Amino acid sequence: MSGETEIAAQVAEAKQAAEAKKGGAGQTGKAQRKRARPFPFKVEGGQVWREVEAEGQDGATRKRWVAFGSEVNILARTRTSEGEDHGRLLEVVDCDGVRHLWPMPAALLAGSGEGIRAELLRLGFEPVPSAGRKWRDWLFEYLISAEPDARARCVSSIGWHGAAYVFPDETISAEASAEMVILQSVEKLEHALNVAGTLADWRDSVAALAMGNSRLVLAVSAAFAAPLLALTGEDGGGFHFRGGSSSGKSTALAVAGSVWGGGGVRGYVQSWRTTDNALEALAAMHDDACLCLDELSQVESKAAGAAAYMLGNGVGKARAGREGQARKSHEWRLLFLSSGEMGLADKIRESGGRIAAGMEVRVIDLRGDAGAGLGLFEDIHGAENAAAFAQSLKAAVGRSFGTPARAFLRQIVADPAATRDGIAELRRGFVAAALPPSADGQVRRVADRFALVAAAGELASSIGITGWPEGMAAEAVLRCFGDYLGERGGSGAGEVADARARIRQAVEVDGHSRFVSWKPDSRRAVITKALGYVQRGDEEMPDAAPVFYLHASGMRELLAGLDLKSVLAGLADLGVIVRHEISQKGATVSALTKPFKVPSEKTALRLYQLNLAALLGEEASADG
């Protein structure tokens with residue numbers, strides 16, 4: 001059953017219910033009111049007719065029916081749950097017999113009616129030429145004076161509205177739900193929530209090729225996870241695939257997007273290259289859905305962090321109206337998938353900024369390369385090469401899209417409580433398998449987001465949408481989480497991982513330019529803004545690994561903006577900073593610094609000593 005056919009069936013049921021309730025107890029005066037004036041219109045024979053009066057030659061007044069346009073049915077009155085934004089649900093039958101539904105906002109009746117006529121004509125309404133210009137006035141009168149018995153609740157955005165999930169062309173709700181909910185907007189909504197092909201087509205040509213590819217399985221599972229945020233009461237966020245050009249990142253987004261829709265030149269995938277206002281509108285149009293954004297490099301580095309945070313936070317900027325009053329901000333709740341040749345943190349650093357640990361939890365950065373020599377892919381299912389495999393996937397998602405999300409949502413609305421319980425159980429199992437008990441809270445939040453994605457993939461598989469065997473989605477997502485942890489440097493606190501990365505960058509990039517030689521060396525240039533000292537191999541031990549030392553000011557510079565005390569303790573726990581046993585007030589204590597006699601300096605200096613192997617990740621970290 002198509003979306004419009006389903007809505008029409010709901011209208012018929014609502015009409016019957018309204019007839020049954022007429023005159024019943026508890027009905028308000030508005031519900032029982034009769035038409036105060038005759039209704040001189042009828043729909044008959046595929047046309048709308050107006051009853052007109054004309055004076056005959058004998059002076060007598062006679063009535064006759066005049067057709068002025070093709071069939072337009074007024075099915076229901078619409079209004080929000082607050083009793084505002086009233087309108088009419090119209091059904092236009094075009095010359096091919098195709099029925100088009102349009103929730104017309106009553107606000108459009110305030111003007112000349114040109115916007116209404118234009119939309120009706122676009123949907124296939126045809127004026128009767130013999131009616132002359134009167135068809136305009138009669139159509140306007142018809143829309144204003146009609147009093148349909150059925151009522152429908154209108155909403156201004158897609159997504160969950162109570163127990164119903166609203167698409168632009170369809171509302172998915174439990175059969176027992178009595179109220180019809182429809183999407184109503186003053187302006188025509190541009191969207192890619194379209195449907196093509198069958199669910200079996202998508203399962204056989206798209207989901208089947210994702211099998212064996214951890215990043216593709218994660219992307220598809222994340223698309224299914226988006227509408228679960230409302231059930232679990234969680235905030236939105238995203239996953240960012242980072243990697244080189246032509247590595248398969250855009251293909252992963254296209255595959256994930258096919259769960260929700262497609263069509264047009266770009267399909268479902270959108271671009272990061274847009275204005276703040278347009279991005280807000282785009283996010284609002286993907287409420288409780290998955291938003292796919294390609295090429296992070298196209299957004300300004302200063303705006304990248306703010307845009308990513310805004311998407312995860314779920315609310316747009318506050319703005320004032322013409323009279324200075326506060327306007328309602330865009331709101332949404334979504335999961336987004338992003339791609340780019342660099343990570344979000346690197347993009348923010350382009351403008352001299354630093355990414356906060358909270359942002360790393362909200363937007364999870366994942367290396368696109370799966371390590372199989374095929375870019376993002378691991379199994380190309382017999383294709384000649386990775387490029388050919390990517391092309392076959394893109395061709396498949398161009399033919400089949402949109403059906404998986406709707407099938408998934410029908411399962412959810414049938415029993416939301418059971419879905420919620422099942423998801424919770426799957427998540428607990430994933431986190432238990434993914435993390436040690438000592439894992440940091442930030443890492444647990446990230447693991448929980450991966451767990452939601454794994455659970456969504458498993459749920460979609462259990463009801464036959466993906467065709468994947470049991471456990472495959474969880475295994476693939478767990479593989480991606482392991483890769484994330486490996487790049488992050490373990491399951492410790494995010495600030496500690498950030499600090500480790502900063503010190504490592506200083507050693508690798510500035511090891512010769514900002515570290516003074518441990519021993520006096522007249523051949524080396526004078527170093528300004530030194531971070532510390534480096535002790536390199538000499539003639540006796542030429543192959544010895546260098547030992548780096550940071551003085552207090554150098555450490556403060558590198559770790560600016562972080563909680564220095566807790567971060568230093570965390571680095572010591574990882575073995576990056578060497579702990580020393582020193583005597584203090586007659587007792588032996590463990591300290592992170594101690595006085596060193598540096599040959600190139602006249603006095604002893606209190607320094608932090610770095611363990612280069614632990615810093616570079618060449619030995620196991622304390623947290624495993």
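## Overall fold

In the protein chain, 67% of the contacts with a separation of 6 or more join residues 24 or more positions apart. The model is predicted. Its protein chain holds 21 helices and 25 strands.

Of the 624 residues, 48% count as buried.

## Nonpolar cores

Nonpolar side chains tend to be buried together in soluble globular proteins. Here the largest nonpolar core has 91 residues. The members touching the most other members are L216, F224, F241, W260, L337, F450 and F481. Helix 16, residues 441–462, gives this core its largest share, 12 residues.

What does F450 touch, leaving aside residues up to four places away in sequence? The list is L218, F239, I364, F430, V477, C480, F481 and Y484.

A second core is separate and has 27 residues. Its members include V507, L571, V576 and L592.

## Helix 3

Helix 3 spans residues 114–123. Its buried residues are I116, R117, E119, L120 and L123. Why do they sit on the same side of helix 3? Because they cover an arc of only 165° around the axis.

These buried residues pack against three elements: strand 5 (87–93), strand 6 (99–105) and helix 4 (134–145). G124 follows helix 3. The phi of G124 is positive, near 115°.

Conventions
Residues numbered from 1 in each chain as written. Predicted model: local features only at pLDDT ≥ 70, side-chain atom pairs only at ≥ 80, totals over all residues. Heavy atoms only, no water. Core = buried A, V, L, I, M, F, W, Y, C linked by side-chain atoms within 4.5 Å. Buried < 20%, exposed > 50% of the residue type's maximum accessible area, 1.4 Å probe, protein only. Helix = DSSP H or I, 4+ residues; strand = E, 2+ residues; numbered from the N terminus. Contact = heavy atoms within 4.5 Å. Arc of directions from axis to C-beta.
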